[in-house]
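Please keep the sequence and the structure in view while reading.

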Amino acid sequence: MNIDLRVIGITGSSTMLLSDTGIDLTQWKQLLKKEAEPADIDSFVHHLSDNHVFPNKVLVDCTADTSVASHYYNWLKKGIHVITPNKKANSGPLDQYLKLRTLQRASYTHYFYEATVGAGLPIISTLRGLLETGDKILRIEGIFSGTLSYIFNNFEGTRAFSDVVAEAKEAGYTEPDPRDDLSGTDVARKVIILARESGLRLELSDIPVKSLVPETLAACSSADEFMQKLPSFDEDWARQRSDADAADEVLRYVGVVDTVNKRGQVELRRYKRDHPFAQLSGSDNIIAFTTSRYKEQPLIVRGPGAGAEVTAGGVFCDILRLASYLGAPS
Ligand SMILES: NC(=O)C1=CN([C@@H]2O[C@H](COP(=O)(O)OP(=O)(O)OC[C@H]3O[C@@H](n4cnc5c(N)ncnc54)[C@H](OP(=O)(O)O)[C@@H]3O)[C@@H](O)[C@H]2O)C=CC1
Ligand SMILES: N[C@@H](CC=O)C(=O)O
């Protein structure tokens, strides 16, 4: 089977994805640099729609761009499948999300986004599996940010908070602007995605979020400026950590989807050291599904939830799922 596969966004997860698929990176970088500049996206897609050599066309959006995500509806309408780790479409305005889902249900064009929550971890597919087999979701609770997991797992002893944030950025765990992680927005987007998948009709603004970005740094004009100024808050953070330490507790940043009360929540909490959320390492995510079937003991998915390699794995898995839906021999 022939699939015309195009990837928008060059660095991070997309670079890893292209190397995973064995595609010539240099050739693709040239093609994409030329064709996938924001202003050229329409002509890029026009070219795709007109390409009759390949009957199956898929666009993989590996950017974090809202404007790229705003094109999905038209692409799907043109019969172009869309695969993405970009959270912007599914956590954007509810009416647009519902429009996308309705279109998808009514057509044979596929829209896959497993890596939007938990990168390569099977979160969306686990949730879908529970719902499709008649289970009822009661609560989804967990540590949804690889960046914030890494930060609080490593913010120990005499280390400065800002140094650990810089390490998370260097490791490729953060969003292009780390304030999207530290403000809790990235976690809130994941909470909204899971809430909507579970049937709740919530907007991002319905989720109360505890931001970790100091007010004075929210207005920094660039991510670089923010990173430069962050050390001035190291002492505040050291105090919060030692307060928790004195109570034999750790700091953890958690998200909650409460389907019973139809709400979501994102906050910084303290947990006793023997709590499962306190036992994580690296960029681990942990997501606990409490359902009618898994009521006493929640179903738990745990593992690294950020980084180019695992994100590319999640996206690649969606590409293979699409190929199998389209009838490719396994
Ligand atoms: N990193 C991770 O662990 C995970 C990331 N994701 C999601 O994956 C996506 C990519 O993340 P990541 O790889 O870390 O980010 P990066 O910043 O490493 O890569 C984003 C790439 O997209 C390019 N880009 C941005 N806007 C456009 C545009 N309009 N047209 C074409 N290219 C564009 C950027 O180009 P330039 O540099 O020139 O601006 C950059 O090369 C995000 O949506 C993120 O939320 C999901 C799960 C985990
Ligand atoms: N920045 C995000 C990347 C994955 O969505 C995170 O840290 O979890």
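How many helices and strands does the secondary structure of the chain come to? In this model, which is predicted, the chain has 16 helices and 9 strands. Of its 330 residues, 38% count as buried, and among contacts between residues at least 6 apart in sequence, 70% join residues that are at least 24 apart.

**Domains and their contact**

- The chain is divided into domain 1, which is made of two segments, 3–119 and 309–325, and domain 2, which covers 124–304.
- The contact between these domains takes 14 residues from domain 1 and 19 residues from domain 2.
- On the side of domain 1 that touches domain 2, the elements giving two or more residues are helix H6 (88–91) and helix H7 (94–106), and the residues of that side divide into 7 nonpolar, 5 polar and 2 charged.

**The nonpolar core**

- The largest nonpolar core has 67 residues, and those with the most contacts inside it are Val58, Val60, Ile83, Val191, Leu194 and Val315.
- Because both domain 1 and domain 2 give residues to this core, it lies between them.
- Isoleucine 83, one of the residues with the most contacts inside the core, touches Val58, Val60, Phe112, Val315, Asp318, Ile319 and Leu322 when residues up to four places away in sequence are not counted.

**Helix H9**

- Helix H9 (residues 146–154) is largely enclosed by the rest of the structure, because 7 of its 9 residues are buried.
- The buried residues of H9 are Gly146, Thr147, Leu148, Ser149, Tyr150, Ile151 and Phe152.
- What covers these buried residues includes the strands E5 (137–143), E6 (249–258), E8 (284–291) and E9 (299–304), together with helix H10 (161–170) and helix H11 (179–182).

**Surroundings of ligand 2**

- Ligand 2 is surrounded by Ala119, Ser145, Gly146, Thr147, Tyr173, Thr174, Glu175, Asp181, Asp186, Gly305 and Ala306, and two members of this shell, Gly146 and Thr147, are also among the buried residues of H9.
- By residue class, the shell around ligand 2 divides into 3 nonpolar, 5 polar and 3 charged.

- An unreviewed UniProt entry places the feature "active site" at Lys190, a residue found in helix H12 (residues 185–197).
- Lysine 190 counts as buried because it has 28 C-beta neighbours inside 10 Å, where 20 or more are needed.
- Leaving aside neighbours within four places in sequence, lysine 190 is in contact with Lys87, Val117, Phe144 and Gly255.
- Arginine 189 also lies in helix H12 and is buried, with 25 other C-beta atoms within 10 Å.
- With neighbours within four places in sequence again left aside, arginine 189 is in contact with Lys87, Ser91 and Leu204.
- The C-alpha atoms of arginine 189 and isoleucine 83 are separated by 17 Å, while the two residues are 106 residues apart along the chain.

**Alanine 308 in helix H16**

- Alanine 308 lies in helix H16 (residues 308–325) and is buried, with 20 other C-beta atoms within 10 Å.
- From alanine 308 to valine 58 the distance is 20 Å, C-alpha to C-alpha, and the two are 250 residues apart in sequence.

Technical notes
Residues are numbered from 1 along each chain as its sequence is written. Chains are lettered from A and ligands numbered from 1 in the order in which they are written. This is a predicted model: local features need pLDDT of at least 70, side-chain atom pairs count only at pLDDT 80 or more; totals for chains, interfaces and linings use all residues. A residue is near a molecule or strand if its C-beta atom, placed from the backbone, lies within 6 Å of it. Ala, Val, Leu, Ile, Met, Phe, Trp, Tyr, Cys and Pro count as nonpolar, Asp, Glu, Lys and Arg as charged, and the others, Gly among them, as polar. UniProt positions are given in the numbering used here, feature names are shortened, and annotations may be inferred rather than shown by experiment. Helices (H or I, at least four residues) and strands (E, at least two) are DSSP runs, numbered from the N terminus. A residue is buried if 20 or more other C-beta atoms lie within 10 Å of its own, exposed if 12 or fewer, and partly exposed in between; C-beta atoms are placed from the backbone. Two residues are in contact if their C-beta atoms, placed from the backbone, lie within 7 Å. Domain bounds come from an automatic or database domain assignment. A nonpolar core is a set of buried Ala, Val, Leu, Ile, Met, Phe, Trp, Tyr and Cys residues joined through C-beta atoms within 7 Å.
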